[in-house]
Amino acid sequence: IPEVPVDTTPTAPFTIYDDSTGGDCQYIGTWDYPSKTCTLTGDITSTSSGIIIANNGITLDGANYRLTGAGNSAAQDDYGVNVMNKDNFTIENLGIYSFGIGIRLSNTPTLGTITGNNITNNTVDGIYGESEGALKILDNYISANDRNGITIMGSWYSGNTECSWPGKTTIHGNTIMGHLYGNGIEISGGAICFEENTIMAGKNGFAIYNTMGSLYSQKTVFT
């Protein structure tokens, strides 16, 4: 009787490393080593977390594919993308659905960019960060997460207090809607720039606690 081939392809969570193959990127996308970019080539489903970024300087380009978690059974620490304690990263063009938290990050000292993503139907928050330095959350669609669209628990900055200063966390151009049991954006502590966001529904558009610096807001719309 011939042996049945064993499928050794790993399952989620997939870990992306800064090496010649991008770690698990070789199973879920294409890896460009010079730019440290993993570009997905298909949808991904997971019963736990989705993708873990293991090193600094990595770009995850979702290429408009979907990363889908366990839905209502997802645990709070099931993260669509886990980029905790990493720096100089980019997460872009990715649909993140039905995890505990869509994107989980912390302690971003120099630059982290989250842009052009659709982050929807997660059981806690769309994006959750803490102790953030220079974080850029730009032009995302964040909808129907059970608690908050974006939560930042502590943000610090270096340099001057202008929103254009590269060392300042900026939340710009996002559409945030449908968070019936939480807030569009919840901030505790720090100094953050809010620019040209549209926030619809939610318990509050903004919930701001214990701020320790100036907050700048330009053309932010509540409907």
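This is a predicted model: local features need pLDDT of at least 70, side-chain atom pairs count only at pLDDT 80 or more; totals for chains, interfaces and linings use all residues.
Local features need pLDDT of at least 70, side-chain atom pairs count only at pLDDT 80 or more, and totals for chains, interfaces and linings use all residues. Residues are numbered from 1 along each chain as its sequence is written, and side-chain values use heavy atoms, with hydrogens and water left out.

Start inside. In soluble globular proteins, nonpolar side chains tend to be buried together. Buried means under 20% relative accessible area, exposed means over 50%, and partly exposed lies in between (1.4 Å probe, protein chains only). A nonpolar core is a set of buried Ala, Val, Leu, Ile, Met, Phe, Trp, Tyr and Cys residues joined through side-chain atoms within 4.5 Å. The largest one here has 39 residues. Ile51, Leu60, Val81, Ile103, Ile127, Ile150 and Ile185 touch the most other members. Look at Ile103. Contact means heavy atoms within 4.5 Å. Leaving aside neighbours within four places in sequence, Ile103 is in contact with residues including Val81, Ile91, Ile114 and Ile127.

Now find strand 20, residues 183-188. Helices (H or I, at least four residues) and strands (E, at least two) are DSSP runs, numbered from the N terminus. Six of the six residues in strand 20 are buried. Two strands pair if DSSP finds at least two bridges between them. Strand 17 (residues 150-155) runs parallel to strand 20, joined by four bridges. There, Ile152 stands opposite Ile187. Strand 20 also pairs with strand 23 (residues 204-209), in the parallel sense, over five bridges. Ser188 stands opposite Tyr209 in strand 23.

Next, the rings. Rings of Phe, Tyr and Trp (its six-membered ring) pair if their centres lie within 6.5 Å; planes under 30 degrees apart count as stacked, over 60 as edge-to-face and the rest as tilted. The count comes to one aromatic pair. Phe194 and Phe206 form this edge-to-face pair, 4.6 Å centre to centre with 70° between the planes. Phe194 lies in strand 21 (residues 192-195) and Phe206 in strand 23, so the pair ties together parts twelve residues apart in sequence. Phe194 is buried, at 2% relative accessibility.

Finally, the backbone. A cis peptide bond joins Ala12 and Pro13, with omega about 5°. Pro13 is in the segment before strand 1 (14-16). Ser98 is not a glycine, yet has a positive phi of about 70°. Ser98 lies in the loop between strand 10 (95-97) and strand 11 (101-106), and is buried at 16% relative accessible area.
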